[in-house]
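Please read the notes below alongside the sequence and the model. They are written for someone who has not looked at this entry before.

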Amino acid sequence: MPVKNICTKTIKGKKPIVKPMVCTKCGAKAIYKNQGQFFCKDHFLDYFETKVFKTIKKFKLFEKGDNICVATSGGKDSLAVLYMTMLYCKKYNIDFFALCIDEGIAGYRDHTVEDLTTFCNKYDIKFHVLSFKDQFGIGLDEMTNKAINEHNKKPCTVCGIFRRKLLNKGARDLKATKLVTGHNLDDETQSILMNQFLGNAQHNASMGPITGLSKNNKFVPRVKPLYIITEKETRLFCLLRGFEVHFTECPNIHLSFRSQVRDKINDIETVLPGAKYGVVNSFLEILPLLKKHYKNTNTTKNKNFKLCIKCGEPCSGEICNACKLESELC
Amino acid sequence: MKVFIEKDNTTIEFDLSTIENQTGIGLLKELGINSNTVLFVKNNEVIIPDEELSETDEVKLLSVISGG
């Protein structure tokens, strides 16, 4: 029986408008609304899972014969994407496993790794952990002061460069054909606009639901099943599915440009609901042109096939950014 | 009314009568919290923050932003 759940809004001092907040599909009490549609718990879960499956199919993120590596941290996005990958892979008989990078951020990553371990044990998912400490000799916490004070580098930059290297190398060593990340609509909107603000159109060319400009057997293609899912939807999904997710914000977040962009976008979304979809959808329209343009430019062509002379990983110069950083900080 | 703010790991006492619009949206506005950044939980149930509130409600604002 539909729940009587009434919202009253006063507009310009006129009589309140009575607006029932019930599920558009079944009339039960709504817990979420998006773009004029209301969802009860069951229909929200159905909406979320259908949307992720559609994204995987529409952009051909997974194929028969793939060995999927899910990059996981134990946070909400990675647990949601790991769960959805599990559902999809079990349904279509595709191999998958989880890979976690432990950067060594005290009071942050240790909690999420704990959540990830519990999760993988519960669902019987194979998982591997690679740490900065094992790979580079020290963890991010020990690098941070030197990075900021001696090299004027933000910890997020250092973290991102080392994480990308380890994820790609780890996935490749484990024979993965695709690397799944938990990037969502909010992340993508932020990245697109950050690249615009910074004048990095070429970076945008390698983004999208499948990253990279061209195929290279040293790179494991990255795919994003949560591409059109908002951050809010992911947290709600985790909550309703009963996943243990502790709130953990990276202690270095206040130092990042991303956090400022994120706050501005959320302000715009409040006055213009659907703005995030607008940014990403219009980006998807121009993405094929960007890819075509940058694939054919001389600079990109030459950069595609270089390998770092120190570690052998693909890079754009003689030495990859991770090796440069390693010699500065480790 | 008790309001738990997960991001700050704090619980505050909030006098609902001090705001004109006694809904979740009104509360978020008063606290300066963007509704896109939290899940609104009232008496242990997720709600759409347009709902009306009463002084006896227990509210939790769960942050949807994590990571870096």
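**Notes on the two chains**

1. C69(A) is buried, with a relative accessible area of 0%, while C156(A) is partly exposed at 30%. Buried stands for under 20% relative accessible area, exposed for over 50%, and partly exposed for the range in between (1.4 Å probe, protein chains only).

2. A word on the basis of these values. This is a predicted model, in which local features need pLDDT of at least 70 and side-chain atom pairs count only at pLDDT 80 or more, while totals for chains, interfaces and linings use all residues. Residues are numbered from 1 along each chain as its sequence is written, chains are lettered from A and ligands numbered from 1 in the order in which they are written, and side-chain values use heavy atoms, with hydrogens and water left out.

3. Chain A contains 13 helices and nine strands; helices (H or I, at least four residues) and strands (E, at least two) are DSSP runs numbered from the N terminus. Of its 330 residues, 50% are buried. Among contacts in chain A with a separation of 6 or more, 70% are between residues 24 or more positions apart, a contact being heavy atoms within 4.5 Å. The accessible surface of chain A is about 16,700 Å², with 54% supplied by carbon and sulfur atoms (Shrake-Rupley method, 1.4 Å probe; for residues, only the protein chains shown count as cover).

4. Chain B has one helix and five strands, in the order β-β-α-β-β-β from the N terminus. Its radius of gyration is 11 Å, close to the 11 Å that the globule rule gives for 68 residues, so chain B is as compact as a globular protein of that length. The radius is taken over C-alpha atoms, and the rule is 2.2 Å times the number of residues to the power 0.38. Buried residues make up 54% of chain B.

5. Which residues of helix 1 (residues 24-31) of chain B are buried? They are G24(B), G26(B), L27(B) and L28(B). Their cover includes strand 1 (2-5), strand 3 (38-42) and strand 5 (58-63) of chain B. Just after this helix, G32(B) takes a positive phi of about 70 degrees.
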